[in-house]
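Please look over the sequence and the structure shown here before reading the briefing.

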Amino acid sequence: MSFLECPQKVRHFIGGIFMSRKIKHDYNFKKAVVKEVVNEGLSAYAVSLKYNLGESMVRRWVSFYRAHGSKGLKPIRNKYSPKFKVKVIQKMKENSLSFQQTCVLFKIPSSETLVKWVKVYNEKGREGLSIENRGRIKSMPRKPKKPMTREEQLLDELADLKAENAYLKKLHALVQSEKEKEEKRKSSRN
């Protein structure tokens, strides 16, 4: 039996061991989970325990299903235009929608995405949303190192040797004090 032939629950568990990214659940699995909540009347909590899923994830799937039908469970694009972002934020403010309600309405998978958009919109306006802010924040650029002169190299090496010497002296003193403590313990037992 190959990995892909395993049941979804097993793939979820195994994938969690080897993957650091979020697990992507296939359409049929999502539909089966949602059907248990919608058609069979089970609670999102009970279904989440049954399939070892987060309750909020099950609730989100059910919300997407109720708002968009089966299409709401299909994979969602994760690239949004600045125009779309502005439209979402304006609709949210005009209708006093919560982040979660807005995500369901526009099929945005995470409310965290929307929170970031609103923060950028409030700080930088429409123009801020057109700037791509994905990935890690870049640290300050480092100045390119110019070649060191022979004197600078020797001074650098001397500083390293002084630090190493100081470390070894402290280590030696620590070892000596441990030996002395051990000898005192032995002598106090006798």
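The points below go through confidence, nonpolar cores, aromatic rings and a few single residues.

This is a predicted model. Its mean pLDDT is 81, and 82% of the residues reach 70 or more. The largest nonpolar core has 15 residues, and the structure holds six aromatic pairs.

**Confidence**

- Among the elements of the protein, helix α1 (residues 8-18) has the lowest mean pLDDT, at 52.
- The highest mean pLDDT, 92, belongs to helix α9 (residues 150-189).
- Where pLDDT is low, the predicted coordinates should not be read in detail.

**Nonpolar cores**

- In the largest core of 15 residues, those with the most contacts inside it are Phe84, Val88, Ile89, Ile108, Leu114, Trp117 and Leu129.
- Helices α5, α6 and α7 are the elements that give two or more residues to this core.
- Leaving aside residues up to four places away in sequence, Ile89 touches Trp117, Val118, Tyr121 and Leu129.
- A second, separate core has 13 residues, including Val37, Tyr51, Trp61 and Leu73.
- In soluble globular proteins, nonpolar side chains tend to be buried together.

**Aromatic rings**

- Of the six aromatic pairs in the structure, one is formed by Phe29 and Tyr51, whose ring centres are 5.4 Å apart.
- The planes of Phe29 and Tyr51 stand at 90°, so this pair is edge-to-face.
- Phe29 counts as buried at 10% relative accessibility, and Tyr51 is buried with a relative accessible area of 16%.
- Tyr80 and Phe84 also have ring centres 5.4 Å apart, but their planes are at 15°, so the pair is stacked.
- Both Tyr80 and Phe84 are buried.
- Tyr80 and Phe84 form one aromatic cluster together with Phe106 and Trp117.
- The ring of Tyr27 has a charge over it: the charged end of Lys74 sits 5.3 Å from the ring centre.

- Which residues of helix α6 (residues 99-106) are buried? They are Thr102, Cys103, Val104 and Phe106.
- The cover over these buried residues includes α4 (55-68), α5 (82-94) and α7 (111-124).
- Just after α6, Lys107 takes a positive phi of about 55°.

**Gly72**

- Gly72 is in the loop between α4 and α5.
- Is Gly72 buried or exposed? Its relative accessible area is 4%, so Gly72 is buried, the cut-off being under 20%.
- Not counting residues up to four places away in sequence, Gly72 touches Phe64 and Lys107.
- The C-alpha atoms of Gly72 and Val104 are separated by 8.7 Å, although the two residues are 32 residues apart along the chain.

**Ser48**

- Ser48 is in helix α3 and is buried, with a relative accessible area of 3%.
- The side chain of Ser48 reaches the backbone oxygen of Tyr45 at 2.6 Å.
- An α-helix has 3.6 residues a turn, so residues three or four places apart point the same way.
- Beyond residues up to four places away in sequence, Ser48 touches Leu53, Gly54, Glu55 and Val58.

Conventions. Residues numbered from 1 in each chain as written. Predicted model: local features only at pLDDT ≥ 70, side-chain atom pairs only at ≥ 80, totals over all residues. Heavy atoms only, no water. Phe/Tyr/Trp six-rings, centres within 6.5 Å; stacked < 30°, edge-to-face > 60°. Buried < 20%, exposed > 50% of the residue type's maximum accessible area, 1.4 Å probe, protein only. Lys NZ or Arg CZ within 6 Å of the ring centre and 35° of its normal. Helix = DSSP H or I, 4+ residues; strand = E, 2+ residues; numbered from the N terminus. Contact = heavy atoms within 4.5 Å. pLDDT = per-residue confidence, 0-100. Core = buried A, V, L, I, M, F, W, Y, C linked by side-chain atoms within 4.5 Å. Polar contact = N/O pair within 3.5 Å; in protein donor to acceptor, adjacent residues only side chain to side chain.
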